[in-house]
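I opened this notebook to record, step by step, what I looked up in the structure shown below.

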Amino acid sequence: MSAERRLLVILGPTASGKSTLAVELALKLGGEVVCCDSTQIYRHFDIGTGKLPVAEQKGIPHHLTDLAEPEDVFTAGDYRRHALQALGDISARGKLPILTVGTGLYLRALLEGLDDLPGRSEAVRERLRQRAAARGAEYLHRILVKCDPAGAAQIALRDTQKIIRAIEVCFLTGKPASELRGRNRTGLTGFHVLKIGLMPPREQLYAQIDRRVETMFQSGWVEEVRGLTHRGVPPNAKPFTFLGYGQIREHIASPAPRPLDAIVPEIQQATRQYAKRQITWFRREAEVHWLASFGHDVKIQREALEIARPQG
RNA sequence: GGACGGGUGGGUGAGUGGCUAAAACCAGCAGACUGUAAAUCUGCCGCUCCUUGCGGGCUACGGAGGUUCGAAUCCUCCCCCGUCCA
């Protein structure tokens, strides 16, 4: 039996410096970076999703970005499949995979696996959406109560998105979704996982977020979006739901656009709220070595290296 | 100087005598979340006390008085703000 392979996980809210830390650690530990971010999956959406510019990658290979076209719907299941492949490849080359995690669900899907459930069915969803439009959102919840009472009890009346998924699973399998949960789930095996979490003080994080959004605009975010619309990416493409992209798209498309001065603070605010949701999720993550500052902080980089360095 | 309109909790803003610590929305805080997850959703949100309860007390709708059993709501005066007429 060969020595167990290792996986280093770096998680933290947006703007906490995960990418920078990952590159520094990769340089010292012979690693390659694997992104775990639901937005960096999409091609051509670069600035606003915070993809690390090639110049800052310092020659370290980065994986699992730019896997999907803007019109695609990429899901946690898709991510899991790609990630397993990438981890295997990197390890086979004798390199250390370093996962930078912004999307908690994707991390969980990779580490703990997903239940063996059918994927989305656009046909089923379309039918349900039509019914919801005709009969009201709470009508869907009543359908769910009929096909999966236990599951319905766990989902809020107005949480249409989760209700639709639960009904979808019922329709596709003929069984209540809640009954199928937790069976046949296989997590990641064969890897020793080490998690490092970045958690700067809230005030500093928020200030950093505000600065980062400004920087994105200075780097040509608006021009990027203009290019996307010229290229014909439809307004209802999924990536236009990502922070900022929808607002900027509208700003460009509107005959009477609101000034950027009004839009920037809104995007900063939405980003802070997003960071809070990430923090809520990550707090529950087990066995994380938490570091209370930013990944670009040299002191933190040293601490992280101490933690990550293989023991004796 | 005159005529209107308006001043409500961190913000916008509803409320014209009791059912109002005051709708709704936003912000803020906390939380949930296994195939859209940068999504979606939930709770709290004046202060305070305790036996934590559809519990008690206090403060609150520009200011000061007044009417009333009872006022954010009615009256008087004053102070601000906006629009219009001079």
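Before listing any residue pairs, I noted that two residues are in contact if their C-beta atoms, placed from the backbone, lie within 7 Å. I also noted that helices (H or I, at least four residues) and strands (E, at least two) are DSSP runs, numbered from the N terminus.

I kept in mind that this is a predicted model, in which local features need pLDDT of at least 70 and side-chain atom pairs count only at pLDDT 80 or more, while totals for chains, interfaces and linings use all residues. Residues are numbered from 1 along each chain as its sequence is written, and chains are lettered from A and ligands numbered from 1 in the order in which they are written.

**Entry 1, the whole chain.** I found 13 helices and six strands in chain A. Along the principal axes, the C-alpha atoms of chain A fill a box of roughly 60 × 60 × 35 Å. Among contacts in chain A between residues at least 6 apart in sequence, 77% join residues at least 24 apart.

**Entry 2, helices H4 and H5.** I looked up where H4 (residues 122-135) meets H5, and found that Leu-128, Arg-131, Ala-132 and Arg-135 in H4 are in contact with Ala-137, Tyr-139 and Leu-140 in H5. The residues of this contact divide into five nonpolar, no polar and two charged; Ala, Val, Leu, Ile, Met, Phe, Trp, Tyr, Cys and Pro count as nonpolar, Asp, Glu, Lys and Arg as charged, and the others, Gly among them, as polar. The axes of H4 and H5 come within 6 Å and cross at roughly 125°, where axes are lines fitted to C-alpha atoms, for helices over the stretch in contact, and angles run from 0 to 180 degrees between N-to-C directions. That makes H4 oblique to H5, since angles under 35 degrees count as roughly parallel, over 145 as roughly antiparallel, 65 to 115 as roughly perpendicular and the rest as oblique.

I then turned to H1 (residues 18-29) and H13 (residues 298-308), whose axes come within 10 Å and cross at roughly 50°. That makes H1 oblique to H13. Leu-21, Glu-24, Leu-25, Lys-28 and Leu-29 in H1 meet Gln-301, Ala-304, Leu-305 and Ala-308 in H13, and by class this contact has six nonpolar, one polar and two charged residues.

Leaving aside neighbours within four places in sequence, Ile-60 is in contact with Val-23, Ala-26, Leu-27, Glu-32 and Val-33. Leu-64, in the loop between S3 and H2 (76-92), is buried, with 21 other C-beta atoms within 10 Å. I noted a positive phi near 50° for Lys-58 and near 65° for Leu-64.

Methods
Buried ≥ 20, exposed ≤ 12 C-beta atoms within 10 Å, placed from the backbone.
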